[in-house]
Amino acid sequence: MSFFRRRRRIEQKQQPSKPVTLKSPQSLDEVQQWINKYFGEPSDMIFRNVGIGNDNKYKGLLVFIQDITNQDYISEQIIKPLKSFSQPADGTSPIDYLKDTILSTGDILVSSDFTTLFDDLLMGKALLFIEGQKQAFSIAVDDWKGRQVEQPSAQTVVRGPRESFTENINTNKALIRKRIRSQDLQIKSRRLGKYTQTEISIIYLKGVADDDVVKEVEKRIDKIQLDGISGSNQIEELIQDGKFSPFPTIDNTERPDITAASLLEGKVIILVNGTPFVLIAPVVFMHFFQTAEDYYARFYLASAIRFLRVLSVMITLLAPSIYIALTTFHQEMLPTRLLTNLAAQREGVPFPAFVEAVMMEVTFEILREAGIRMPRAVGQAVSVVGAIVIGQAAVEAGIVSAAMVIVVSITAISSFVIPSYSIANSIRLLRFPMMIFAGSFGFFGVMLALFALTIHLCSLKSFGISYMAPLSPFHLRDQRDTFIRTIKSYFSSKGETLEKSRK
Amino acid sequence: MKRLLIGLFIILLLTGCWNRRELNEIAITYGLGIDKDGDDFVVTAQVINPEQVSGQKGGEASGTRSPVILHEERDKTVLGAIRKLSRTASRKIYVAHLYILVFGEEFAKAGIGDALDLIVRDQEFRTDFYVFIAKGSTAKDILATATPFSVSPAQEIYDRLHYSNRHYNPTKATGIRELLTNTSAEGIEPVVQSLLYKKSDVEPVQQIGSGPVPEPPLPTGNIAVLERDQLVGWLNETQADTYNTVTNNIKHAVSQFLCDEDQYGAIESTNVKATLKPEYQVTPKMNIDIKLTGKINELDCEQFTTTPQKIRELENIISKYLEEMHTSNIKKVQEDIGVDIFGFGREFFRKKPQIWKQLKNNWSETFSQLEVDINVKVRITGTSTTDDSYLKRLRKGK
């Protein structure tokens with residue numbers, strides 16, 4: 001209950017702040033006091049009095065935040081030109097003249113609304129107030145510190161582009177624009193998060209993406225009310241279908257080429273400022289087993305590797321449960337000599353196969369998690385300890401049987417073959433309930449769990465698209481790029497799945 | 001929530017195979033022997049000790065304990081006796097991985113039918129093990145003998161039969177399924193391979209290299225002929241050869257033939273196919289066409305030249321030789337044993353069901369007098385890697 005109460009309290013807090021407008025005309029000192037009061041005298045805010053024109057005809061006040069603006073740019077493009085100002089002869093107002101003739105920056109805005117101006121200040125713009133005028137300039141001089149475009153680290157390919165998104169949303173938009181130079185590329189932005197004011201962009205290809213899907217995405221994003229957004233996963237969790245499903249219904253990628261390909265397939269991309277991972281929606285289950293590499297390798301190989309991935313998924317999900325079911329329920333299904341060997345190994349192992357399996361799988365998960373969270377320098381120690389503890393000592397101490405170690409290893413390695421990290425996690429997690437079913441009902445239980453899983457998968461939807469499409473509902477044309485990949489001219493970018501499986 | 005609970009409850013009711021047992025709770029039985037003593041069944045189980053059998057290193061005290069253990073119990077039913085075995089075996093006897101099932105000769109003479117119902121009925125028995133009759137001994141004698149090659153005697157016997165069945169004509173491997181079918185089917189009677197119990201007078205070899213090379217303690221014996229479930233006679237080697245040829249139980253046969261006055265050659269057949277054609281005019285008659293394709297693999301006649309004409313002649317000689325052999329063998333079986341092991345009756349039943357209705361009541365007598373016409377066609381496709389006999393070159397060189 002306390003959870004809900006807390007939520008209500010947060011909602012109450014989110015009231016729009018009172019709008020402030022600039023009273024006309026104001027003295028520059030007053031303006032400075034105003035700003036200091038509003039922001040609480042921040043130490044990185046710079047107030048710079050500038051004389052406009054070589055005869056200092058007008059007095060101006062330039063306000064900006066030091067660390068997020070480009071100082072050179074301010075002095076070269078704002079302060080210098082202002083010095084060369086001279087009163088126009090034809091009687092145009094000094095504001096218009098400054099804007100149109102003197103200030104030579106691209107993004108410039110004139111406003112009298114303090115709320116907008118102060119927001120702009122926080123976005124890295126410089127504000128220019130002029131004594132005796134009721135309007136002020138907001139000049140784009142932002143210079144956010146961030147990473148350069150680097151090689152992708154999570155989704156690598158052998159043959160293919162080596163760019164990846166950065167934390168800067170503008171860079172990311174540029175990377176997409178670089179790949180799709182079409183007037184149909186639509187970018188809709190909005191700010192989310194009461195305090196963070198994070199920019200979120202919805203990108204799609206007009207005419208290719210389904211209008212309903214775009215509308216649905218926009219609708220769901222507009223519903224979000226949060227204090228702050230720190231990553232794209234927060235958005236993903238709030239807008240996805242099947243919130244409690246173990247399977248992700250929104251994909252993410254750090255590769256601009258995958259993003260561009262998804263746009264061409266009619267998907268909607270969601271960019272979140274501050275995250276190098278963009279969201280792709282809607283996605284189907286089979287999408288998670290396809291990689292960019294598939295399209296950069298020969299199609300025979302690509303198809304073969306896709307089969308390998310599906311096999312790996314099966315192994316990850318089922319290997320421990322099959323081992324448990326076979327050794328505790330269905331011994332007659334093993335070849336006799338294998339059974340003899342397994343029985344010899346299990347001789348003296350104190351735990352039932354199920355406990356043994358759970359123990360080893362949990363040990364593996366602990367080691368894996370430790371390997372990820374450890375500082376890189378210590379990582380090696382983990383792998384050494386892991387190899388010795390899991391591999392040898394456990395067997396020699398008679399705690400687990402050697403065959404169990406093989407099962408755990410093959411499960412672990414298979415799980416790393418799955419290209420999408422998010423679905424690999426879901427499947428790795430699901431093998432534990434699978435093991436429970438196998439341990440209590442044998443293959444009957446495994447089949448039962450698989451049935452339940454299949455039913456769940458078939459009932460899932462991602463923004464109106466059936467999750468199991470194009471397998472169920474079946475689309476023959478899309479089979480060319482599902483389990484196998486044929487040569488590109490044989491299938492259009494936009495699959496039947498996105499066209500037809502809406503209900 | 002209510003629905004979920006009901007669903008879970010239903011799942012609990014569906015547990016048809018609630019027989020969870022760990023690998024170290026079962027006694028994997030490789031060989032099972034059944035004898036009869038008075039009214040009681042005597043069941044012998046050869047249970048393995050996995051650690052000693054698997055051949056893995058690092059097992060506790062590997063090689064110091066016996067790989068197999070023999071348990072024996074008697075009771076009024078087979079299952080009763082098997083369950084009684086748990087008095088001596090610390091685990092449940094697990095028969096799904098049975099290699100061999102042995103019946104003692106005395107029991108077989110009296111009829112093994114009494115013991116078969118359990119095997120038909122029990123779901124734990126897989127129907128892929130071989131059946132044997134212990135010739136001149138009890139099943140226990142066979143299962144109590146250690147073998148030199150494999151640590152588990154039952155496994156060795158199984159392997160021996162399994163491979164011999166492929167490569168050696170007279171061997172017949174009878175699986176339990178075939179036995180069960182043929183004991184109850186019309187117009188065919190089962191045969192079962194036998195094992196001889198040979199009491200070894202040689203002390204078991206303690207160290208490699210010391211003492212004489214041991215002979216296999218359980219040689220394969222003749223094939224036993226059963227009528228229904230009773231042992232009625234034995235086939236000798238060439239009769240077994242004929243049996244396997246006629247019943248198409250030969251894959252890669254080796255047929256020997258006389259190529260010179262007293263010298264032999266051998267052809268290895270790649271394909272042997274016997275076709276049974278029942279015929280009925282006044283009296284029933286069975287025509288058997290045997291087609292044999294193969295190549296010469298051994299030729300001990302130096303005079304023989306492998307020209308095409310000679311080989312054609314040879315084909316005729318072999319055909320005639322095999323024809324005579326098979327004819328006389330079948331005749332012997334008809335006269336001496338008088339049991340239709342070849343399935344001639346079944347062939348009548350399949351191809352001439354109307355006639356079979358008349359014949360079936362008196363089939364065993366009809367079989368003894370049945371006219372059998374064997375026609376062998378041999379085709380030699382090659383002479384392997386050389387042409388004339390090596391002997392020719394050997395003698396000529398000197």
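Which residue just after H5(A) takes a positive phi? Gly124(A) does so, with a phi of about 95°.

The views below show a predicted model, in which local features need pLDDT of at least 70 and side-chain atom pairs count only at pLDDT 80 or more, while totals for chains, interfaces and linings use all residues. Residues are numbered from 1 along each chain as its sequence is written, chains are lettered from A and ligands numbered from 1 in the order in which they are written, and side-chain values use heavy atoms, with hydrogens and water left out.

**View 1. Helix H5 of chain A and its buried residues.** Helix H5 of chain A spans residues 114–122, where helices (H or I, at least four residues) and strands (E, at least two) are DSSP runs numbered from the N terminus. Its buried residues are Phe114(A), Leu117(A), Phe118(A), Asp120(A) and Leu121(A), buried meaning under 20% relative accessible area, exposed over 50% and partly exposed in between (1.4 Å probe, protein chains only). They lie on the same side of H5(A) because they cover an arc of only 155° around the axis, an arc taken from the directions from the helix axis to the C-beta atoms. Among the elements that cover these residues are helix H2 (28–39), strand S1 (45–52) and strand S5 (136–140) of chain A.

**View 2. The two domains of chain B.** The domain assignment gives domain 1 (23–235) and domain 2 (250–398) of chain B, with bounds that come from an automatic or database domain assignment. Their C-alpha centres lie 33 Å apart, and 16 residues of domain 1 of chain B are in contact (heavy atoms within 4.5 Å) with 17 residues of domain 2 of chain B. In domain 1 of chain B, Asn169(B), Glu186(B) and Gly187(B) lose the most area to domain 2 of chain B, together 40% of what that side buries; buried area is the accessible area (1.4 Å probe) that two parts lose on being put together, summed over both. The side chains of Lys360(B) and Glu186(B) form a salt bridge at 3.6 Å, N to O, the rule being a side-chain nitrogen of Lys or Arg within 4 Å of a carboxyl oxygen of Asp or Glu.

**View 3. The interface of chain B and chain A.** Chain B contributes 29 residues to the contact and chain A contributes 27 residues, and between them the chains bury about 2,500 Å², 56% of it on carbon and sulfur atoms. In chain B, Arg20(B), Leu23(B) and His97(B) lose the most area to chain A. The rule finds 4 salt bridges across this interface, and Arg91(B) and Glu347(A) meet through their side chains in a salt bridge of 2.4 Å, N to O.
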